[in-house]
Amino acid sequence: MLQQAQLFPQFPLAQPDYTNLAIGPNEQRQVVALGIRLITRSGVPLAVLQREASPRFGRPTALLEVLSPEPSAAAEFLSVLRTQLQTRSVLKGQVVSLTMDEYGSSGAGVTFHERPSLTAADVILPEGLLDKVSDHAVGMAEHRKQLEALGQHLKRGILLYGPPGTGKTHTVRYLLGRSKGTTAIILSGGSLAYIAEAARMARALQPSMVILEDCDLIAEDRSFGHGPQPLLFEVLDAMDGLDDDADVAFILTTNRVDMLERALAQRPGRVDLAVEIPLPEVQERAALLELYAREIAFSAEAISVTAERTAGTTASLAKELVRRAVVAAALAGADVADEHLLSAVDELMADSAALTRSLLGSGGDRHGLDIAE
Ligand SMILES: Nc1ncnc2c1ncn2[C@@H]1O[C@H](COP(=O)(O)OP(=O)(O)OP(=O)(O)O)[C@@H](O)[C@H]1O
Ligand SMILES: [Mg+2]
């Protein structure tokens, strides 16, 4: 029975406050926002005060306070709780991104995402490239026992680099789809500052993937500190901090590999596979057009003419060409036909459209949440 303290009459004893928190992409659970639980463990009473985070009022994280007449019981309770937080966390096996909120870095929140469901046929890359990346990121963990038996480390770092719009993020989405049950933590732009937190979560919630999108942004940004690229080095240190046998894959993407190279060379061993995601060659451009025009009966000739005429463009441009053809046909009140595709090519490949092409190349959201749309 809890006695009302006379000392603080302004805080009368009342029922707990509840709040709803996300526990999955489309799921919420009611949890205690402010309340005390009175429990007994092995005959020892414990009072557990639970308070939600409130960054606005200077409480960046949720708080738990434990009171017991036997201090060792409180310590033991906390240690069991910590273990269970790791093994039974609602984050385990989910795809989440860590986001900055308006109160600054201390109020880091977790956003759940639907796991993407791309198949290998949705990703058009030079022969063998997708398998290579996928074997390293996902396949390796499937042979965990064998690697361990032979004393080989499981922790791995993959760098995907190449021009904007070639499919680095798209490839990551495919990997996420292929690794059901794996916890994925996505950081991008400013939220890369949470790398230490992400690495801790990744270790606790193994098997995991830590996705570091557009790493060049932090190589570029000196505002995070005084020395050169402090945050980038922090990222690399976090990668090194995990045990070798941690089933954690770090996947870095960048379209400015030149900016990362020096840092990577100074901290060798973090990235054990660097793969260029190149601009598509003519046969890949044709495959991309076929992929994005699945529903449309363009002739083989129109596809091949388009592929020939779009040398040097990105994968995302192929998608845009199909979209423009569909829009042009709709505006003209006609069915989509070869002529619409070919005039979209004329339009986008004109010298005057150089800026548009380059803007289209930069693909989706620079802040990376396009991974898990
Ligand atoms: N190789 C590809 N196969 C199929 N579709 C692709 C491919 N590359 C890009 N796309 C399409 O273009 C869109 C943009 O590509 P994506 O975001 O993966 O580019 P990126 O390489 O991550 O670029 P950035 O460097 O700007 O982040 C994708 O969502 C996808 O629809
Ligand atoms: Mg990207």
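A nonpolar core is taken here as a set of buried Ala, Val, Leu, Ile, Met, Phe, Trp, Tyr and Cys residues joined through C-beta atoms within 7 Å, a residue being buried if 20 or more other C-beta atoms lie within 10 Å of its own, exposed if 12 or fewer and partly exposed in between, with C-beta atoms placed from the backbone. The model is predicted, local features needing pLDDT of at least 70 and side-chain atom pairs pLDDT 80 or more, while totals for chains, interfaces and linings use all residues. Residues are numbered from 1 along each chain as its sequence is written, and chains are lettered from A and ligands numbered from 1 in the order in which they are written.

The largest nonpolar core comprises 76 residues, of which Ile 185, Leu 187, Ala 198, Val 210, Ile 211, Leu 212 and Ile 251 touch the most other members. Because domain 2 (95–278) and domain 3 (282–361) both contribute residues, this core lies between them; the domain bounds come from an automatic or database assignment. Beyond its neighbours within four places in sequence, Ile 251 is in contact (C-beta atoms, placed from the backbone, within 7 Å) with Ala 137, Ile 158, Leu 160, Val 172, Leu 175, Met 209, Ile 211 and Leu 212.

Ligand 1 is surrounded by 20 residues, the closest being Pro 164, Gly 167, Thr 169, His 170 and Ala 315, where a residue counts as near if its C-beta atom, placed from the backbone, lies within 6 Å. Domain 2 and domain 3 both give residues to this shell, so ligand 1 lies between them.

Technical notes: Two residues are in contact if their C-beta atoms, placed from the backbone, lie within 7 Å.
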